[in-house]
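The following note is meant for a colleague who is meeting this structure for the first time. It takes up the domains, one interface and the ligand site in turn.

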Amino acid sequence: MLLGIDDTDSPSGMCTTYLGALLARRLIKMHMPVLEVRLLRLNPNVIYKTRGNAAICLEVEGDTDRVFETACEMVAGLAHFSHENTNPGVVAVENRPPPDFYRKAVRDFCTIEEAVAVLGAAGARYKGFKNGRGLIGATAAVCSDLPDMTFEYLTYRNSNAFGTPRSVDRESLFDAESSTFPHTWDTVDIENNCVVCVPHTPDPVLFGIRGESPSWVAFARMQVNSEATEVEQIFVTNQGTDAHLVDGETGALTEGCSYRVTGTVCSHAQTGRGGHVSIEIGNGDMVTRCMAYEPTKGFRNVLRALWPGDRVLVTGSYKGGSINLEKVCIITLSPAGTTRPPVCPSCGARMTSAGSLKGYKCRKCGAHEKEPQVTLHDRTIAPGWYEVPPVARRHLVKPLCRGP
Ligand code: ATP
C-alpha cells in the first residue's frame, strides 16, 4: 500500500520528511516492512509552502487501515497545528493512482476538490486536518511517477537540540563533496566558499546529501563529522530532475509555472537595485523578461555577457512577469558588433548620417556611403549551458553535473 503525508510543519519547526522517517521506523517495529520512502517536491511557486513544498510517500507491506491509523495518530501528535498554514493531509491507497494529479501538482496549481476526486476514484482512505490543504500534496505523493529520480540522505538532530545552532564540521563537508562529486552535488558551493546542505531554520534536519544513488549519498555521509543524530533516512526523490519544467513560448507564460523557453536576446542586460540583473528575450513581438537575482552571484555575469541577437534557451519559474532564471543554454552567439558612421574613402574624414535610411555623407568632400563601419567584438562567453550556483539552486532544478 502507499501512504502520502503533507503539510505538518510550520516556520518554527517540524518537517514532513522527519515525520516520515519516524513513521517508517514505527511501522517496521509493528512488523510492516517499508519498501521505499519517497520525498516529492511540488510546484515551488505555491504560496502556502513553509519551505521547499515537500510531500512524502511511503510504500508499505501491511494492512492499509492499520498503516493509515498509525500515520494519522503520528500526525495528530507531531504536526504544528497551532500555525494557521499547517493543514495536514494523510492518504492511504492500495494501488498507485494515475500520475496526472502528481504531474499537475509539480507543474501547476491544484485544488482540494481535485485531490478528493482523485482519492474517491482510487478508493483511498484519507483525512484532512483543519482546512485539509495537505491532501493536495499527500495525494500528489501517492500518485507520483518518477521517470527520473535522485536520492537524498537526510540526517535529523536529537530532539533536545532542536532550535540550537547546528554543529557540522565544515571541512568534512568539503571533503565529502570533493571525493564524491559529480555523483553527489550541492553539499557545498566551492565557487562561493559556503556550505549548502545544512539548513539555518529551526527544523529537525541536521544536513542532507543529494546524489545519484543510495550508495553514493551514503558514502558521502560517512565522511561528515557532526553532532549526534537521532534518525537518518535515505529518500528516493524527484529533486534535481527538472520535473517542474514544461515547454513555453515568450509572451505566453502563466504566472507560477516553470518553463523551458527559447528566444533571441533583445537588448543588453540591465543591473537594477540590489544587484539584480535582467535581460529580455523574444521571438518577433513576443518578448519576455528574464531575471537573475543577487543570490545567483556569478551567474549574473552570464547575462551580462549576452548580446542582442544571441539565441538562448532559458529555464525557470515565471513569477511577477519575469522568468526567474535557473539555467541558460547559449545556442548561438550573434556576431556582436558596434556600428558607427564610416570614414570617407575619398578624404578620410568621419562621415555623418545623410538622414533616415539614406546612408552616410561626407560633409568635407560630399562623398556618399551606404553602409556603416562595423567593429566586431570578441565574445567573452561560449555557447553551452550555464547554471546558478549550488547556493542558489532550487530543489527541483537538475544540476548540469547530471546532464543538460
Ligand atoms: P512540509 O515539510 O510541511 O511539507 P513545505 O514547505 O513542504 O513543508 P507545506 O507546509 O507542505 O510546505 O505547504 C504546502 C501546501 O501547499 C500543502 O498544503 C500542499 O498540499 C499544498 N500544495 C502543494 N502543491 C500544490 C499545488 N501544486 N497546488 C496547490 N496546493 C499545493
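How far apart do the C-alpha centres of domain 2 and domain 3 lie? The points below begin with that matter.

1. The model under review is predicted. In it, the C-alpha centres of domain 2 and domain 3 are 29 Å apart. Twelve residues from domain 2 and ten residues from domain 3 take part in the contact.

2. For orientation along the protein chain, domain 1 covers 2-143 and domain 2 covers 150-237. Domain 3 is assigned two segments, 245-335 and 379-402, while domain 4 spans 337-376.

3. The interface of domain 2 and domain 3 may also be described by area. Between them, these domains bury about 830 Å², and carbon and sulfur atoms account for 59% of it.

4. Which side chains form the salt bridge between these domains? Across the interface of domain 2 and domain 3, one salt bridge is found. Arginine 393 and aspartate 186 meet through their side chains in a salt bridge, with an N to O distance of 2.8 Å. On the side of domain 2 that touches domain 3, there are six nonpolar, two polar and four charged residues. Three residue pairs are in polar contact across this interface.

5. The ligand is surrounded by 23 residues, of which Asp6, Asp7, Asp9, Arg51 and Ala54 are the closest.

6. A polar backbone atom of arginine 51 is 2.5 Å from an oxygen atom of the ligand. Of the 620 Å² of accessible area that the ligand has on its own, the protein covers 98%.

Conventions. Residues are numbered from 1 along each chain as its sequence is written. This is a predicted model: local features need pLDDT of at least 70, side-chain atom pairs count only at pLDDT 80 or more; totals for chains, interfaces and linings use all residues. Side-chain values use heavy atoms; hydrogens and water are left out. Domain bounds come from an automatic or database domain assignment. Contact means heavy atoms within 4.5 Å. Buried area is the accessible area (1.4 Å probe) that two parts lose on being put together, summed over both. A salt bridge is a side-chain nitrogen of Lys or Arg within 4 Å of a carboxyl oxygen of Asp or Glu. A polar contact is a pair of N or O atoms within 3.5 Å; within protein, one must be able to donate a hydrogen and the other to accept it, and residues adjacent in sequence count only if both atoms are side-chain atoms. Ala, Val, Leu, Ile, Met, Phe, Trp, Tyr, Cys and Pro count as nonpolar, Asp, Glu, Lys and Arg as charged, and the others, Gly among them, as polar. A residue is near a molecule or strand if one of its heavy atoms lies within 4 Å of it. Accessible areas come from the Shrake-Rupley method with a 1.4 Å probe; for residues, only the protein chains shown count as cover.
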